[in-house]
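Thanks for asking me to look this one over. Below are my notes, in numbered points, to read alongside the model.

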Number of protein chains: 2
Amino acid sequence: MKQLWLFNQINSDLQRVENELTKFVETDYPILQDSAVHLLAAGGKRLRPAFTLLAGKFYGSSSEKLMPVAMALELIHMSSLVHDDVVDASMTRRGRPTVKANWGNIVSVETGDYLLAKSLMLIAKIDHPEVSRILAEVSVEMCQGEIQQIKSSFDVEQNLKQYYYRIKRKTAMLISACCKLGALVSEAPRRQIWALGAYGHSLGMAFQIVDDVLDITAKPSEFGKPIGGDLRQGIMTLPMILALKSSPEPGKLKTLLGKVDKTEDEVAETIGLIKATGAIDDSMHLVDLYVKKAKKHLQDLPKVPTRKALEDLAEFIAVRKF
Amino acid sequence: MKQLWLFNQINSDLQRVENELTKFVETDYPILQDSAVHLLAAGGKRLRPAFTLLAGKFYGSSSEKLMPVAMALELIHMSSLVHDDVVDASMTRRGRPTVKANWGNIVSVETGDYLLAKSLMLIAKIDHPEVSRILAEVSVEMCQGEIQQIKSSFDVEQNLKQYYYRIKRKTAMLISACCKLGALVSEAPRRQIWALGAYGHSLGMAFQIVDDVLDITAKPSEFGKPIGGDLRQGIMTLPMILALKSSPEPGKLKTLLGKVDKTEDEVAETIGLIKATGAIDDSMHLVDLYVKKAKKHLQDLPKVPTRKALEDLAEFIAVRKF
């Protein structure tokens, strides 16, 4: 699995998360195991466990203590990815066929349910009321974010408030929880738990905006999936909303954005119209603001090498091309 | 909502579960609330909360203590129903259009996820490690049962062992958990918690077999949904497995059972072939054995009116027509 150099501090722990997850999703029913392991093998950045492990490192927490939390969070994340795939028009995630493409909707649903149920077993074992409460709340909010996305697909009248509502729930809250819980189970001081959670939240917002920008601007070979997926699925993202405000051809852009079943040419044309505005630059400017905000929260934390790793991670989020 | 007279002891509590559930699934996103409330309004027997409440009544537990547990269990059940509907060919459940029929697969997936996430909030609030552990284990096993059902659809070579594996996980384990948890949070003696769990398990097995029989023999007007759904979906149930063993026309029956996209005539013909064997009677005989077993477990419990209610409930499961 591709490891970011930023994770040097926690490389062996991350590898252990990987190994433990693979063993943990073993079932007595091959099809479930196949699809779950297939998902794991697709790799992925394992960002979320990384945040948890790094947050715990501030306080010298043992791997034993952090492992179940990191695993539970990654299982929740994987579960949501699989369920999103049920209607995701994109046929590849991270360059491999999705569970959906291989075996159909219902297996996607059940695989997602299975991964979530396994996370519940870990959460029960962790037996920490606040951990359970935070994860339950995040799960509820993630559903609300996803539903809002479904409800507002191809709705070109969406505003920024709706966009922030959605990316907060789809992405930022879970990343915030990763940071917070790593600190929480390490019995960090409350103020620092809060600071790490706030760092994670700002970083999560930045992360999703970059994702949304890359979906328009990335090179497919680096991205691991075709670009323009949001356009095809009618997911209105920040660059699109901003472009509508400033495009010299707003009517044309609006029509294209709202069009279901766009042709490849129409996708390319829409991308061109968006790029012709300042929307991409403005989006990345907002990313910078969030990254600055994230780094500011880190000031409340002990000045140890781990803090530098988190600062570097924040910067990397902004400049990444995948 | 239609209440069974058997629930007289707990009628007001059941009504309260209903009301609390409706309030609890309120969200800030109408589509989710609409679909969740739509599901609740479809009624349903509310058997699972009833088991929990009755089990708690043995020990004089307050409604306040039992309510979150009863609600969590019903939410888990509803979540699984909604996810099952993603590929359920049956267009009605309890006589109303399914969430799927109205709004599409993805809303079904997210509604199910939302209901499960809400149950997690309750479980976190209950903050009882054994409750969390039991519910997590049941959730994992329910997924395994559902996946096995998917994997083995239209597989006419299935045996009884596979059938029992499936109905244990799809139905019996959750009903067992309902009884067990009602007693557990009531701080019942361990032996009685076990006895109630064993009662629930045997009753759950009986309940599912009756469901499977009714799918073949019921009058649609009483059943609340078209009969023959299992046949159409290729779910091999006990009456079918038994009929294959004893039918004078095994080849014909096998072909029909294994046929995807059966015509209405073919469904009717298959039903006729099954009914022409002793399979229905044999299935009901097994139901009687399970009911007897369930009632036997009740002997370990205090001889109070609640015990009589549970005995009557066991008998009712066997004789019901819906």
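1. Let me start with T171(A), which touches R48(A), G204(A), F207(A) and Q208(A) once its neighbours within four places in sequence are left aside; contact here means heavy atoms within 4.5 Å. T171(A) sits in helix 8 of chain A, residues 160-184. Helices (H or I, at least four residues) and strands (E, at least two) are DSSP runs, numbered from the N terminus. With a relative accessible area of 4%, T171(A) counts as buried. Buried means under 20% relative accessible area, exposed over 50% and partly exposed in between, with a 1.4 Å probe and protein chains only.

2. A word on reading the model: it is a predicted one, where local features need pLDDT of at least 70, side-chain atom pairs count only at pLDDT 80 or more, and totals for chains, interfaces and linings use all residues. Residues are numbered from 1 along each chain as its sequence is written, chains are lettered from A and ligands numbered from 1 in the order in which they are written, and side-chain values use heavy atoms, leaving out hydrogens and water.

3. Now chain A as a whole. Its secondary structure comes to 16 helices and 2 strands. Chain A has 322 residues, and 62% of them count as buried. Among the contacts in chain A with a separation of 6 or more, 75% are between residues 24 or more positions apart. The accessible surface of chain A is about 12400 Å², and carbon and sulfur atoms contribute 53% of that; the areas come from the Shrake-Rupley method with a 1.4 Å probe, and for residues only the protein chains shown count as cover.

4. Which residues of helix 1 of chain A are buried? They are D13(A), L14(A), V17(A), E18(A), L21(A) and F24(A). Seen down the helix axis, these buried residues fall within an arc of 150°, so they line one face of helix 1 of chain A; the arc is that of the directions from the helix axis to the C-beta atoms. The face turned away from that buried side carries the exposed residues S12(A) and K23(A). Helix 1 of chain A covers residues 11-24, 14 residues in total, and reaches 20 Å from first C-alpha to last, close to the 20 Å expected at 1.5 Å a residue. That expected span is 1.5 Å times one less than the number of residues.

5. Helix 4 is worth a look in both chains. In chain A, helix 4 (residues 63-84) includes A72(A), which is buried at a relative accessible area of 0%. Not counting residues up to four places away in sequence, A72(A) touches S119(A), L122(A) and I123(A). By contrast, I150(A) is 78 residues from A72(A) in sequence and 26 Å from it in space, C-alpha to C-alpha.

6. In chain B, S63(B) belongs to helix 4, residues 63-84. Buried or exposed? S63(B) counts as buried, at 18% relative accessibility. Leaving aside neighbours within four places in sequence, S63(B) is in contact with D13(B) and R16(B). The side chains of S63(B) and D13(B) make a polar contact at 2.7 Å. A polar contact is a pair of N or O atoms within 3.5 Å; within protein, one must be able to donate a hydrogen and the other to accept it, and residues adjacent in sequence count only if both atoms are side-chain atoms.7. Helix 6 of chain B (residues 105-126) has 22 residues and reaches 32 Å from its first C-alpha to its last, close to the 32 Å expected at 1.5 Å a residue. Of those 22 residues, 19 are buried, so helix 6 of chain B is largely enclosed by the rest of the structure. D127(B) follows this helix and has a positive phi, near 55°.

7. Please also check E187 in both chains. Most residues other than glycine have a negative phi. E187(A), not a glycine, has a positive phi of about 55°, and phi of E187(B) is likewise positive, near 55°. E187(A) lies in the loop between helix 8 and helix 9 (190-217) of chain A and is exposed, with a relative accessible area of 64%. E187(B) is in the loop between helix 8 (160-184) and helix 9 (190-217) of chain B, exposed at 65%.

8. Finally, how the chains relate. The same surface serves both copies, as 100% of the contact residues of chain B recur in chain A.
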